[in-house]
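Reader: Please give a close account of one part of this model, and then relate that part to its surroundings.

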Amino acid sequence: MSGQILATYASALSLLIGSGFITVGVIGLLKFNDPMTRLHAPTKVGTIGIGMLLLASMLHSFAIGSSSMHELLIMSFLFVTAPVSANFIAKVNIHRRTCETPPAPPRDDTWSTLNSPEAEITPAPLDPVKEPQTNV
Amino acid sequence: MVRRAFYWLLPHPFLTLLLAVVWVLLQNEFSAGMAVFGLILGIIIPWGTSIWWPDQPKGFHLGRMFTYALMVIYDIIKANIEVAWIVISVPNAKLKPAWIVIPLDLVQPEAITVLAGTITLTPGTVSADLSNEGHSLLVHVLHTDDPDGVRDEIKTRYEARLKEIFI
């Protein structure tokens, strides 16, 4: 059963690589001192760290003879949801001004997070032609 | 006529396919009955929820999306190693984080979502915000000497390909 032994070694190797990247991610989370740079560490854990652990799980399930495809689903759901949470943390940072204020966009007025609702509620000056009609 | 009937039955053909594949993967073993039931679910769910998602995506190239996904996975692995090296070797004082503004040529919300997701999944860059009318994307870079180079790379490497996927 050399194939089984090979799969065991391969899953052990990917476990090592995955946990290595997760360790680096945690070091980054502890080391950086700015909320925005700190946000970069979890993206690493979320992609290659978890990916290698799931690959190890898949290789192991093939090695013991009961193949499993759930890991592919976990991976794809993680890839879809991880950017959303990262985006929300970044938006909170911009909103609470805990990071450098970003430069203004070239074409539009401002970034949507900095777009305060008060600016839109303030009424526009009424059209002088329509004004008598609204009073009637 | 046939085309209209097809889109009445399957408002989102790719969603139908995706739901069927996810159903088969969830069962963890393949059989014809599973596939048929997955297809039934894939027809019923988009049909029932089409009220909340009225617009059909105009054009979508599945084959190009597949090669794009392979390229992104390769980039993720490459960027992971680079960023891991930055985390370990660059001290905080020498770190050069930067905001990058990417002017968008993409118009469809789906395409912009995929682009923002790709940027976040690639370590070293996080997409933070969209301008209030959706013409530019704000990206935070962990460590770079050349912010304009990063912007041009994202535009040529990802956005140009996404323009060919979502037509």
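Author: Leu115(B) touches Leu106(B), Tyr158(B), Glu159(B) and Leu162(B), leaving aside residues up to four places away in sequence; two residues are in contact if their C-beta atoms, placed from the backbone, lie within 7 Å. The model is predicted, so local features need pLDDT of at least 70 and side-chain atom pairs count only at pLDDT 80 or more, while totals for chains, interfaces and linings use all residues. Residues are numbered from 1 along each chain as its sequence is written, and chains are lettered from A and ligands numbered from 1 in the order in which they are written.

The axes of helix 5 (residues 109–121) of chain B and helix 6 (residues 147–165) of chain B come within 10 Å and cross at roughly 145°. Axes are lines fitted to C-alpha atoms, for helices over the stretch in contact, and angles run from 0 to 180 degrees between N-to-C directions. Helices (H or I, at least four residues) and strands (E, at least two) are DSSP runs, numbered from the N terminus. Helix 5 of chain B makes a right-handed crossing with helix 6 of chain B; a crossing is left-handed if the near helix is turned anticlockwise from the far one by less than a right angle, and right-handed if clockwise. Helix 5 of chain B contributes Ala111(B), Val114(B), Leu115(B), Thr118(B) and Ile119(B) to the contact, and helix 6 of chain B contributes Ile154(B), Tyr158(B), Glu159(B) and Leu162(B). By class, this contact has 7 nonpolar, 1 polar and 1 charged residues. Ala, Val, Leu, Ile, Met, Phe, Trp, Tyr, Cys and Pro count as nonpolar, Asp, Glu, Lys and Arg as charged, and the others, Gly among them, as polar.

The largest nonpolar core has 42 residues, of which Ala90(A), Leu115(B), Leu137(B) and Val139(B) touch the most other members. Such a core is a set of buried Ala, Val, Leu, Ile, Met, Phe, Trp, Tyr and Cys residues joined through C-beta atoms within 7 Å. A residue is buried if 20 or more other C-beta atoms lie within 10 Å of its own, exposed if 12 or fewer, and partly exposed in between. Helix 3 (residues 40–63) of chain A gives this core its largest share, 10 residues.

Thr43(A) is in helix 3 of chain A. Thr43(A) is buried because 28 other C-beta atoms lie within 10 Å. Its contacts, not counting residues up to four places away in sequence, are Ala86(A), Thr120(B), Leu121(B), Pro123(B) and Val126(B). Leu54(A) lies in helix 3 of chain A as well, but with 19 C-beta neighbours inside 10 Å it counts as partly exposed. Leu54(A) touches Glu71(A), Ile74(A) and Met75(A), again not counting residues up to four places away in sequence.

Between the chains, 43 residues of chain A are in contact with 36 residues of chain B. On the side of chain A that touches chain B, helix 4 (70–95) of chain A supplies the largest share, 11 residues. By class, that side has 22 nonpolar, 13 polar and 8 charged residues.
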